[in-house]
Amino acid sequence: MLNLILIAVCGATGALARWGLAGLVQRAAPGSLFPWGTLSVNLAGCFLFGLLWAAGVERLNLGPQFRAAALVGFMGSFTTFSTYAFESAGMLAEAQWATAVFNILAQNAAGVALMFLGFALGRLF
C-alpha cells in the first residue's frame, strides 16, 4: 500500500514538473513550431533517470520504495514519450521531413547519451 501512495504522490509531482518545465521552455521560444518543451523534458528525464538509477539503486542500494517513488512515480509521469511520438507523427503526416528527422534523432541519440552521462555522474556519489 505504501508503494501505491508513493507512486501516486511522486507521479503527481512528476506531472507538475513536466508541465512546468515544458511550458517554461516552450514560452522561451515564442513562435517556434518545434516542440522544444517536449524535447527538454525528455532529455532532462533521460539524464535524471540515469542519475537516479546509478546513484540511488546501484550506488546507495536504495530499495523498492525508492524505485517505486522516484523511477515509476516521478520519472514515469515526468517524461513524455507518448507526446514525443504524437508530435513526430504529426510532423511526418504534414511532410515536415527535416523537422521530424531532427526531432527523432535528437530525442533518441541525445536521450541515450544523457542517460549514460547520468549513469556516470550518479556513480560518483
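This is a predicted model: local features need pLDDT of at least 70, side-chain atom pairs count only at pLDDT 80 or more; totals for chains, interfaces and linings use all residues.

Residues are numbered from 1 along each chain as its sequence is written, and side-chain values use heavy atoms, with hydrogens and water left out.

**Exercise 1.** Find how many helices and strands the protein has.

*Solution.* Start with the DSSP runs, numbered from the N terminus: helices are H or I with at least four residues, strands are E with at least two. The protein comes to 5 helices and 0 strands. Next, read from the N terminus: the order is α-α-α-α-α.

**Exercise 2.** Work out how helix α2 and helix α3 are arranged.

*Solution.* Begin with the axes, which are lines fitted to C-alpha atoms over the stretch in contact, with angles from 0 to 180 degrees between N-to-C directions. Those of α2 (residues 36-59) and α3 (residues 64-78) come within 10 Å and cross at roughly 175 degrees. That makes the two helices roughly antiparallel, a label for angles over 145 degrees. Now look at the contacts (heavy atoms within 4.5 Å): residues including L48, F49 and W53 of α2 meet residues of α3, among them F66 and L71.

**Exercise 3.** Which side chain meets R123 in a salt bridge?

*Solution.* Look for a side-chain nitrogen of Lys or Arg within 4 Å of a carboxyl oxygen of Asp or Glu. The partner is E58, at 2.8 Å, N to O. Then place both: R123 lies in the segment after α5 (97-122) and E58 in helix α2, so the pair ties together parts 65 residues apart in sequence.

How values were computed
Angles under 35 degrees count as roughly parallel, over 145 as roughly antiparallel, 65 to 115 as roughly perpendicular and the rest as oblique.
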